[in-house]
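Subject: Structure handover: aromatic rings

Hi,

Here is the structure for you to look through. Please open it first, then read my notes below.

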Amino acid sequence: MLLLSACGGDADSAGTNGTLGGLTGQGSEKAADAKEAPLAQKGTVSAMFCTTRPDADGRTVYGMTVRSYAVKDGALVAERSSVLPSRFKPTSGCKGDGPGLPAHYQFSKDLTMLAGLSKDSRAAAVDTSTGLEIGPPDQDAFGKNLKPNAAVFHPVTGQLWYDSDRDNYGVKLPRYFRDPKNGAASQQTVPYEQLTSHMGKDKETAATILAAGEDDSPVSPSGVVAQGHTTEGLGLFRVDSGGDGLLKELKSAALRVPGPQQGDTGVKQHCDPAFWRDDTTLVCRHDSLRQLTFSPDYQRVTKTEKLLPESDRGVGVPVPSPDGKSVAFISKSDSNQWVLYRSDFATPGAQPVKVAELEPPLDGDDDHRVSLIRWG
């Protein structure tokens, strides 16, 4: 299932001429069905629309709409809209948060919960249907506010992970996780010295721990981490189980070539890593989408493939299909309309298939930030 999320208000999301997102036909009836149907269904892509508005005191309030579209024909299958609590800030995907983490990190597996920071800077989760906080703390209980930088969901266990002390950069701080429905009472601490042991369990845990520290680097099945913003371009790392940090750079001749001047290492691979297809195949988003295939020892790039035709159009953060054979992404048309596309890895460079036009929610705002969440 591919999920796309949007921040909107609690407005009616039915479009003009009886349309709702990519769904046409008996508008009101199908719109009602979409608001009752579960979001995370097989064979759908989900997206998020996010917008902002001031509350009565002039503080920023986020409006969120999450929709799931059928990959087969672009029909809108499910939708939820809510206004989030005053001063609650989603982890990513909304105005003012910069590039941020990919949207999928902030959603529970079934898309019923959204992670972020509460008005008093706590890690918190809200219900995507109602906008209400889930498992809020006991106001009379004693406790310490950790002031995390980010809150993210583990994609398998459903635990809410977060770090602490946003002003204490560079210090080796622990990570925390808890059951989002049971609040602070279920919180557990992972000391910094034990983080690499947890990261070595599986790629999902490794990626979650990194994301809880605001690192969006994708992790391969064997634990190779790809980072695209190192000083020399693309960098590859492994979990540093015996070292002083979380990651240790994997020296790779494939990533760099001598530059034109003495002492200039140059940069060979420009890549904003999106996801690993397997241990040696990395999908990048740099202007468009392309794929790098490494040798098993990562010392050579054996193949570079452009996944889309030459174009002036940019693409959003892509999401892979569950079977790993396709990728979905969004791009703006010449008429400034967001469109959801699908492309197959078997035919790199071919024209992508249009899945649906992503009509914005009718919540009074014509400037939504749109992000793909996941392909279910």
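Is Trp-276 buried or exposed? With a relative accessible area of 7%, Trp-276 is buried, because anything under 20% counts that way. Keep in mind that this is a predicted model.

Now the aromatic pairs. The count comes to seven.

Trp-161 belongs to strand β9 (residues 160-162), and Phe-177 to strand β10 (residues 175-178). The pair therefore ties together parts that are 16 residues apart in sequence. Both residues are buried: Trp-161 has 3% relative accessibility and Phe-177 has 10%.

Another pair brings us back to Trp-276. Its partner is Tyr-298, and the arrangement is edge-to-face. Here the figures are 6.4 Å centre to centre and 85 degrees between the planes. Trp-276 sits in strand β15 (residues 273-276). Tyr-298 sits in the loop between β17 (288-294) and β18 (301-306). So this pair links parts that are 22 residues apart in sequence. Tyr-298 is buried too, at 3% relative accessibility.

Last, look at charges over rings. Arg-67 lies over the face of Phe-49, 4.9 Å from the ring centre. Arg-277 has its charged end over the ring of Phe-345, 3.8 Å from the centre.

Best wishes

Terms used
Residues numbered from 1 in each chain as written. Predicted model: local features only at pLDDT ≥ 70, side-chain atom pairs only at ≥ 80, totals over all residues. Heavy atoms only, no water. Phe/Tyr/Trp six-rings, centres within 6.5 Å; stacked < 30°, edge-to-face > 60°. Helix = DSSP H or I, 4+ residues; strand = E, 2+ residues; numbered from the N terminus. Buried < 20%, exposed > 50% of the residue type's maximum accessible area, 1.4 Å probe, protein only. Lys NZ or Arg CZ within 6 Å of the ring centre and 35° of its normal.
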